[in-house]
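Subject: Structure handover

Hello,

Here is the structure for your files. My notes on it follow below.

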Amino acid sequence: MVLHAQQDTIYHRPDTTTSEEDYKYYIDLTKKPDAIKAVWLGAICPGAGQIYNKSYWKLPIVYGAFMGCGYAVSMMQNRYNGYKQAYIDLYRDVQMGSVSEDPSKSYIAVLPEGYDLSRVGGASTWMNTLKNRQTIYRRYRDYSILATVVVYALSLIDAYVDAQLFDYDISPDLTLNVEPQIYYDIQHQRSAEIKLAIQF
């Protein structure tokens with residue numbers, strides 16, 4: 001194969017032993033995206049790196065992942081806030097001796113449907129449950145935030161790698177050959193094997 005460069009253009013031309021059909025490969029370097037620029041665009045606006053690389057089919061994946069993570073963060077934060085406020089209100093009412101079964105109370109509103117304080121073990125037991133649920137949903141919220149950061153980082157890595165592999169030549173076939181073989185040992189006993197060969 002002979003490489004011939006002219007005006008930032010690379011032509012892959014067949015040599016004397018290769019047919020013309022095997023090297024229908026052409027790259028215009030002026031159209032190659034800048035990997036660093038793709039990363040910066042993706043850092044400023046998630047998905048912009050994929051748009052810059054013209055990988056539009058990846059946008060639903062990127063934005064879908066961000067929307068899912070955002071929804072998880074919002075839901076876990078709301079539940080954490082709800083149980084936290086219920087714990088604060090119940091703790092205050094216990095201290096003041098004014099615990100009520102009023103449905104407008106935050107610690108009553110978060111009870112399972114059809115339950116009252118007596119069915120969950122009383123005010124002190126329910127207060128401990130509310131404290132534990134605060135811890136659980138705070139942890140889930142933190143995990144959701146971490147997942148968002150991971151998705152953000154992966155979108156930047158994808159933009160960088162996609163730009164770097166823009167001119168990667170994938171024209172040669174990658175083939176896997178399966179060949180059965182029979183061997184004879186020193187006692188003329190036969191054994192069968194299967195040979196796997198990957199050709200790059």
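The model is predicted, so local features need pLDDT of at least 70 and side-chain atom pairs count only at pLDDT 80 or more, while totals for chains, interfaces and linings use all residues. Residues are numbered from 1 along each chain as its sequence is written, and side-chain values use heavy atoms, with hydrogens and water left out.

The protein has 5 helices and 5 strands, where helices (H or I, at least four residues) and strands (E, at least two) are DSSP runs numbered from the N terminus. Their pattern along the sequence is β-β-β-α-α-α-α-α-β-β. Taking contact as heavy atoms within 4.5 Å, 44% of the contacts between residues at least 6 apart in sequence join residues at least 24 apart. The accessible surface (Shrake-Rupley method, 1.4 Å probe; for residues, only the protein chains shown count as cover) comes to about 14300 Å², and 58% of that belongs to carbon and sulfur atoms.

Core. A nonpolar core is a set of buried Ala, Val, Leu, Ile, Met, Phe, Trp, Tyr and Cys residues joined through side-chain atoms within 4.5 Å. The largest one has 15 residues, and those touching the most other members are Leu90, Tyr107, Leu111, Leu117, Trp126 and Leu130. Helix 3 (59-96), helix 4 (106-109) and helix 5 each supply at least two residues of this core. Apart from neighbours within four places in sequence, Leu130 is in contact with Tyr83, Ala86, Tyr87, Leu90, Tyr107 and Val110.

Helix 1. Its buried residues are Ala35, Ala38 and Gly42. Seen down the axis of helix 1, they fall within an arc of 60° and so line one face; the arc is that of the directions from the helix axis to the C-beta atoms. These buried residues pack against helix 2 (48-52) and helix 5. Trp40 and Ile44 are exposed on the other side of helix 1.

Surface patch. Patches are made of residues with over 30% relative accessible area and no salt bridge, with like charges joined within 9 Å and nonpolar side chains (Val, Leu, Ile, Met, Phe, Trp, Tyr) within 5 Å. A salt bridge is a side-chain nitrogen of Lys or Arg within 4 Å of a carboxyl oxygen of Asp or Glu. A nonpolar patch with about 1100 Å² of accessible area together includes Ile36, Trp40, Ile145 and Leu165. Helix 5 (123-164) and helix 1 (35-44) each supply at least two of its residues, and the largest share, 8 residues, comes from helix 5. Ile36, in helix 1, is partly exposed, with a relative accessible area of 48%.

Regards

How values were computed
Buried < 20%, exposed > 50% of the residue type's maximum accessible area, 1.4 Å probe, protein only.
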